[in-house]
There are 2 protein chains.
Amino acid sequence: MRATETESAAVQDFYPDDAAHCYGCGRLNPAGHRFQTRAAGEESVTEFEPDAVHTALPGFVYGGLIASLLDCHSTGSAAIFALAREGVAMGTGEAPRFVTRHLAVDYLAPTPLGPLRAIGRLLEATDRKVIVESELDADGAVTARARAVLIRLESAPGPT
Amino acid sequence: MRATETESAAVQDFYPDDAAHCYGCGRLNPAGHRFQTRAAGEESVTEFEPDAVHTALPGFVYGGLIASLLDCHSTGSAAIFALAREGVAMGTGEAPRFVTRHLAVDYLAPTPLGPLRAIGRLLEATDRKVIVESELDADGAVTARARAVLIRLESAPGPT
């Protein structure tokens with residue numbers, strides 16, 4: 001299933017099929033979270049509502065889900081920013097697939113269970129490497145910040 | 001269910017009940033991963049075998065699970081190192097519960113699906129804060145490294 005080719009389409013809908021099985025963000029992994037990252041002006045946005053089981057201490061989201069969301073959000077954001085940098089409209093072909101080299105998360109406050117919104121900004125880009133800074137909004141507050149270094153995948157498989 | 005009171009018991013078995021629901025490492029979260037972290041000499045060890053669905057690109061573990069494992073491994077390690085620092089044997093009471101303030105992960109190489117082993121070392125400790133450095137071994141290679149700053153939870157709820 002592909003989204004319409006608008007700015008609000010999810011970049012994960014355009015990952016190559018063989019790079020679309022990620023538990024976090026793969027559209028072809030029915031067991032996973034299927035995070036979706038969209039362009040929003042010069043920023044990127046991933047919205048997700050965790051399940052009640054994704055708890056840390058009761059009522060709060062566990063740190064692993066937050067890291068996972070910010071990780072896939074960052075790889076998706078890198079693809080969005082790379083397309084924009086190259087002047088390629090999303091959906092005109094396959095989206096580039098980035099993998100994570102480094103992810104640093106600052107947990108600023110407990111994140112309440114409920115709708116989450118990760119917002120990404122481009123810090124730096126070359127053809128091969130993109131650095132993305134993100135914040136996580138929950139219930140009107142920024143509860144986490146992340147900085148991720150993403151590497152463009154050419155053909156060999158790699159982690160994310 | 002509590003492990004026997006030996007050095008090889010999992011520290012998560014001694015978290016207070018109201019801090020044992022974490023999706024990553026809570027013994028009271030039946031839907032979660034239930035990571036278990038044990039003392040091993042001056043180090044700490046968390047072993048886990050991801051499910052086939054926890055894929056990144058086919059055959060490899062997705063980065064969010066790696067971050068999640070290293071996160072809970074680090075909070076567990078902080079508790080183990082705090083007990084050792086205070087000369088308290090594990091299982092003589094409740095274990096201290098640490099939450100994550102900062103987690104940085106370097107993904108060095110794709111992590112193949114299969115048994116994983118996180119090994120932690122104490123970098124720094126005060127009564128309130130512990131810094132843990134970890135590496136992730138998969139199939140004989142170190143595929144990720146992490147540095148985590150953990151804060152001891154007194155009574156108010158917080159994330160991890």
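**The A–B contact in a predicted two-chain model**

The contact takes 39 residues from chain B and 39 residues from chain A. Residues are in contact if their C-beta atoms, placed from the backbone, lie within 7 Å. This is a predicted model: local features need pLDDT of at least 70, side-chain atom pairs count only at pLDDT 80 or more, and totals for chains, interfaces and linings use all residues. Residues are numbered from 1 along each chain as its sequence is written, while chains are lettered from A and ligands numbered from 1 in the order in which they are written.

Me: Which element gives the most to the side of chain B that touches chain A?
Reply: Helix 1 (63–86) and strand 3 (98–107) of chain B each give two or more residues. Helices (H or I, at least four residues) and strands (E, at least two) are DSSP runs, numbered from the N terminus. With 8 residues, the top contributor is strand 3 of chain B.

Me: Which C-alpha of chain B is nearest the axis?
Reply: A rotation of 180 degrees with 0.0 Å of shift superposes chain B on chain A, RMSD 0.0 Å (least squares on C-alpha atoms of residues with pLDDT of at least 70 in both). That is the relation of a two-fold axis. At 2.0 Å from the axis, the nearest C-alpha in chain B is that of B:Ala104.
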